[in-house]
Amino acid sequence: MPKLPTLVAATLLAAAGTIAVAPAASAHDALAEVVRCGYQQQFRCGYGGITNSHTRVYSCDTWSDGYGFRTEWRTRSGGGSGVDDANGSSSGCSSKTPGTAANPITIFRGCWKTPTWTCTDWMNA
């Protein structure tokens with residue numbers, strides 16, 4: 001009988017570990033990037049993504065070409081907009097927190113803001 005308490009304790013610890021890990025797995029970040037800049041269009045023009053459990057959106061312009069970068073998003077309720085990197089390719093990115101736990105960001109895409117805009121496909125957040 002001394003093994004029964006050990007078995008119960010091990011089972012409880014295993015279940016607690018599973019519960020503790022589950023939220024982290026569902027809180028992944030997502031990234032979209034446009035690679036069309038520079039020599040032979042092989043460098044990243046900018047990137048954007050979704051973080052903080054699908055509530056925060058960010059945008060980063062990485063190429064000094066006079067164009068900007070935008071990350072567009074849609075929430076579960078159907079609302080959406082975009083966030084532009086406000087400082088060009090200088091250090092730092094722009095971000096907003098339009099999502100909530102009840103109304104998270106569900107899809108997004110990244111766009112290089114040239115006269116003919118180049119955007120990634122819409123992606124799941």
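At 11% relative accessibility, glutamate 72 counts as buried, the term buried denoting under 20% relative accessible area, exposed over 50% and partly exposed the range in between (1.4 Å probe, protein chains only). The model is a predicted one, in which local features require pLDDT of at least 70 and side-chain atom pairs count only at pLDDT 80 or more, whereas totals for chains, interfaces and linings use all residues. Residues are numbered from 1 along each chain as its sequence is written, and side-chain values rest on heavy atoms, with hydrogens and water left out.

Glutamate 72 forms a salt bridge with arginine 109, with the closest N and O atoms 2.7 Å apart; a salt bridge is taken as a side-chain nitrogen of Lys or Arg within 4 Å of a carboxyl oxygen of Asp or Glu. Because glutamate 72 lies in strand S4 and arginine 109 in strand S7, the pair ties together parts that are 37 residues apart in sequence. Arginine 109 is partly exposed, its relative accessible area being 22%. A salt bridge also connects the side chains of arginine 70 and aspartate 84, at 2.8 Å from N to O. Arginine 70 belongs to strand S4 (residues 68-75) and aspartate 84 to strand S5 (residues 80-84), so this pair ties together parts that are 14 residues apart in sequence. Both side chains belong to partly exposed residues, with relative accessibility of 22% for arginine 70 and 27% for aspartate 84.

Aspartate 84 has a further salt bridge with lysine 113, at 3.2 Å from N to O. This pair links distant parts of the chain, with aspartate 84 in strand S5 and lysine 113 in strand S7, 29 residues apart. Lysine 113 is partly exposed, at a relative accessible area of 24%. Through shared partners, salt bridges join Arg70, Glu72, Asp84, Arg109 and Lys113 into one network. The count for the protein comes to 5 salt bridges.

The protein contains 1 helix and 9 strands, where helices (H or I, at least four residues) and strands (E, at least two) are DSSP runs numbered from the N terminus. Along the sequence these elements follow the pattern α-β-β-β-β-β-β-β-β-β. An open sheet of 4 strands has the order S1-S2-S3-S6 with antiparallel pairing, two strands being paired if DSSP finds at least two bridges between them. S1 and strand S6 (94-96) stand at the edges with a single partner strand each, so one side of each is left without a neighbour in the sheet.

Within this sheet, S1 and strand S2 (residues 43-51) run antiparallel and are joined by 7 bridges; leucine 31 has glycine 49 of S2 as its bridge partner. S2 and S3 pair in the antiparallel sense over 6 bridges, with cysteine 60 in S3 as the bridge partner of tyrosine 47. The hairpin of S2 and S3 has 4 residues between the strands, and asparagine 52 takes a positive phi near 55 degrees there. The antiparallel pairing of S3 and S6 comprises 3 bridges, and valine 57 stands opposite lysine 96 in S6. Strand S3 (residues 56-61) is mostly covered, 5 of its 6 residues being buried.

The largest nonpolar core has 9 residues in all, namely Ala30, Ala32, Ile50, Val57, Trp73, Val83, Ile105, Phe108 and Ala125. Such a core is a set of buried Ala, Val, Leu, Ile, Met, Phe, Trp, Tyr and Cys residues joined through side-chain atoms within 4.5 Å. Strand S1 (30-37) and strand S7 (105-113) are the elements that give two or more residues to the largest core. Apart from this core lies another, of 5 residues, including Val34, Cys37, Cys45 and Trp112.

Contacts (heavy atoms within 4.5 Å) of alanine 32, not counting residues up to four places away in sequence, include Phe69, Phe108, Arg109, Gly110, Thr120 and Met123. Threonine 120 lies in the loop between strand S8 (118-119) and strand S9 (123-124) and is buried, at a relative accessible area of 16%. Leaving aside neighbours within four places in sequence, threonine 120 is in contact with Ala32, Glu33, Val34, Arg109 and Gly110.

Of the 125 residues of the protein, 30% count as buried. Among contacts between residues at least 6 apart in sequence, 50% join residues at least 24 apart.
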